[in-house]
Each structure stands twice: as C-alpha cells, then as structure tokens.
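Keep the structure in view while reading.

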Amino acid sequence: MMKLGYQTNTWGGVVGHPAGVTSVKDSYYLANGSTEEALEDIKAAGYEGFELFDGNLMQYKGKEEEFKRLIEKHSLDFIGVYTGGNFIFPDILEDELEKIEEVAALASALGAEHLVVGGGAVRAKGILERDYRDLGEALNKVSHIAEKYGLIASYHPHLGTCVQSPEQLDKLMPLTVINLCPDTAHIEAGGGDPVEVMRKYIDRIKYVHLKDYQKGEFLPLGEGHQDFEDMIKVLEDAHYDGWITIELDSYQDPKAGAEISRKYLSKNETLTSI
C-alpha cells in the first residue's frame with residue numbers, strides 16, 4: 001500500500017522569506033500560515049503524513065522538541081521538506097548548498113525521509129544550454145548532501161524554471177543522478193503528459209506529488225481532468241510503495257481542499273492502493 005501525505009503550503013499560501021532578497025543563505029520558501037493549524041487539519045482530513053517548506057522547518061531550529069511534540073500530538077509522519085535554488089550561478093551556488101545542507105541536517109534530525117528540490121533559474125536573456133549541465137552538477141551535489149543525512153533527494157520540475165517542459169526535463173535527467181519527484185499538475189501545465197513522464201522515469205521515482213489541473217488552475221484531486229487512475233497504475237506496476245503527497249499551492253479553505261482530495265481517493269475504487 002502506498003502512503004498518503006499532504007503539503008502544508010496551502011495554509012497561508014506560497015511566499016518567500018524576505019531576508020532572501022538580499023541574502024542567498026536565507027532564501028527559503030515559506031508558507032505564511034500556521035504549521036500547527038495545518039497539521040491539525042491534515043490529520044482531521046485523513047492523511048498519514050506531511051511535507052513542509054524549508055522556511056517553515058527552519059522556524060523550528062532551536063525548538064526541535066516543540067516540533068517533535070507537534071508531530072506526536074497529531075500522530076503524523078514527517079515525510080520531507082521542500083527546498084530549492086537558482087543552481088546555475090557559480091557565485092552564489094556555495095551559499096545555496098550551505099542553506100540546503102542546514103535544511104537537510106535539521107530535517108534528518110527530526111525524522112524526515114525526503115528532500116525535495118525545485119529550481120533552475122531562467123536568465124533575463126533566456127536559457128543557455130550550459131544551464132542544464134550546471135543544474136545537473138548542482139543537483140548531484142544536493143544528492144550527496146541528502147545521502148550524508150540519510151535523506152532521499154528528488155528533483156521537482158516546476159513552472160517558471162528552466163525545467164518546466166518535458167523536453168527540458170529530458171535534457172536535464174541524463175546530466176544528473178538525482179531522483180525525480182513528478183508534480184503531475186506542473187508537468188501538464190508545462191506541456192507534458194504526467195502519465196508518460198512517470199512511465200518514462202519510473203526507475204528514478206521515489207516520491208510523488210499529485211494535484212489536479214484544468215484551464216491553467218491548480219485544483220484539488222477530482223476537480224480537474226488529470227488521469228490519476230493511469231498514474232497509479234504505473235506506480236503499481238513498478239511495485240511502488242512509497243509516499244504520495246497531495247500538494248495545492250493555494251485554496252480558499254485549505255482544510256476543505258484537503259478533504260476534497262481525500263474523499264476523491266476514498267470513493268474511487270481503482271485508487272484504493274493509496
């Protein structure tokens with residue numbers, strides 16, 4: 001059986017740590033809401049675990065016991081943390097990697113399993129072919145950091161990066177050893193077929209993000225047109241038994257969004273392996 005988790009970023013929406021504007025080492029993702037409220041709602045909606053942004057995790061640096069009590073209170077597994085960087089600019093790469101190592105160390109100490117990484121900057125004058133090589137080499141370094149702390153590192157293709165289309169993903173993947181965390185809605189929004197991408201890279205998939213998509217909008221599962229049945233079939237055929245995390249950048253009522261996705265999975269007989 002696959003395990004089902006939820007990302008806390010819906011509570012408060014996706015913002016960034018303001019210190020990151022002037023200091024690369026502080027350039028964290030941040031959900032501008034309450035992690036405690038998010039975990040309470042995630043548990044109530046019927047999920048087993050959670051993922052959170054690096055900025056929200058770092059709010060607990062020096063308060064690790066508080067974080068552990070929060071997890072125990074809601075009987076949830078801490079699946080992993082999402083982080084990222086530009087990765088193609090040599091002058092700031094060292095600071096980006098130091099930030100990621102600090103995040104990985106804290107995540108590992110608190111029991112996480114996964115380190116999810118997004119990024120790959122798009123230059124003001126456009127993408128250069130060497131950007132894929134530099135991104136791949138940087139992600140190899142991220143993988144080594146993750147291994148050092150007993151975490152599984154996966155790259156998450158994302159709109160707005162130099163890896164948003166399937167063709168761009170195909171350029172990157174041979175240049176790096178990192179695993180792939182497919183975000184099904186971002187893949188479709190970037191012009192790809194999530195089922196085909198998952199089938200193509202199934203040997204490198206150790207973690208999955210699901211969200212629905214329709215007419216340019218990210219949605220709870222079942223409210224768009226994504227083919228989750230075929231996606232799960234690909235995973236089942238590969239005997240995948242890891243985490244699947246539902247991730248929804250924003251929703252007017254975060255708890256309701258989580259409940260909609262959970263009810264969709266519960267009612268669909270072909271998705272009972274989740």
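## Cavities and pocket

Lining the second largest cavity are Thr8, Trp11, Ala31, Gly33, Ser34, Thr35, Ala38 and Asn56. This is a predicted model. The space in the second largest cavity is about 30 Å³. Its lining divides into 3 nonpolar and 5 polar residues, with no charged ones.

How many cavities of 30 Å³ or more are there? The count is 2. The largest cavity holds about 60 Å³ of space. Its lining consists of Pro157, His158, Gln164, Ser165, Pro166, Leu169, His186, Ile187 and Val197. Two elements, helix 6 (166-172) and helix 7 (184-189), each give two or more residues to that lining. By class, the lining of the largest cavity has 5 nonpolar and 4 polar residues, and no charged ones.

The largest pocket has a volume of about 350 Å³. Its lining comprises 21 residues. Nearest the centre of the pocket lie Ser27, Tyr29, Gly84, Gly85 and Asn86. Strand 5, helix 4 (90-109) and strand 6 (114-119) are the elements that give two or more residues to the pocket lining. That lining has 6 nonpolar, 13 polar and 2 charged residues.

The table sets out the three spaces.

| Space | Volume | Nonpolar | Polar | Charged |
|---|---|---|---|---|
| Largest cavity | about 60 Å³ | 5 residues | 4 residues | no residues |

## Helix 3

Helix 3 spans residues 64-74. Which of its residues are buried? They are Phe67, Leu70, Ile71 and His74. These residues lie on the same side of helix 3 because they cover an arc of only 95° around the axis. The face turned away from that buried side carries the exposed residues Arg69, Glu72 and Lys73.

Several elements contribute to the cover over the buried residues of helix 3. Among them are two helices, helix 1 (35-44) and helix 2 (54-58). Strand 4 (49-53) and strand 5 (77-85) are also included in that cover. After helix 3 comes Ser75. The phi of Ser75 is positive, near 50°.

## Positive phi in two loops

Phe87 has a positive phi of about 70°, although it is not a glycine. Phe87 sits in the loop between strand 5 and helix 4. Is Phe87 buried or exposed? Its relative accessibility is 2%, so Phe87 counts as buried.

His239 also lies in a loop, between helix 9 (228-237) and strand 12 (243-246). Here too phi is positive, about 60°, and the residue is not a glycine. With 69% relative accessibility, His239 counts as exposed.

## Ala153

Ala153 belongs to strand 7, which runs over residues 152-155. At 6% relative accessibility, Ala153 is counted as buried. What does Ala153 touch, leaving out residues up to four places away in sequence? Its contacts are Leu115, Val142, Ser143, Ala146, Ile178 and Asn179.

Val197, one of the residues lining the largest cavity, gives a distance for reference. Ala153 and Val197 are 44 residues apart along the chain. Their C-alpha atoms are separated by 18 Å.

## Cysteines

A disulfide is a covalent bond between the sulfur atoms of two cysteines. How many disulfides does a search of the whole structure find? The search finds 0. Cys162 is in no disulfide. The nearest cysteine sulfur to that of Cys162 belongs to Cys181, 17 Å away.

A disulfide here requires sulfur atoms within 2.5 Å.

Cys162 counts as buried because its relative accessibility is 0%. Cys181 is buried, with a relative accessible area of 0%.

Technical notes:
Residues numbered from 1 in each chain as written. Predicted model: local features only at pLDDT ≥ 70, side-chain atom pairs only at ≥ 80, totals over all residues. Heavy atoms only, no water. Buried < 20%, exposed > 50% of the residue type's maximum accessible area, 1.4 Å probe, protein only. Helix = DSSP H or I, 4+ residues; strand = E, 2+ residues; numbered from the N terminus. Arc of directions from axis to C-beta. Contact = heavy atoms within 4.5 Å. 1 Å grid on protein atoms, 1.4 Å probe; cavity = no way out; pocket = protein on both sides within 12 Å on 5 of 7 lines; lining within 4 Å. Points joined across faces, edges and corners; volume = space filled by probe spheres on them. Nonpolar A, V, L, I, M, F, W, Y, C, P; charged D, E, K, R; others polar.
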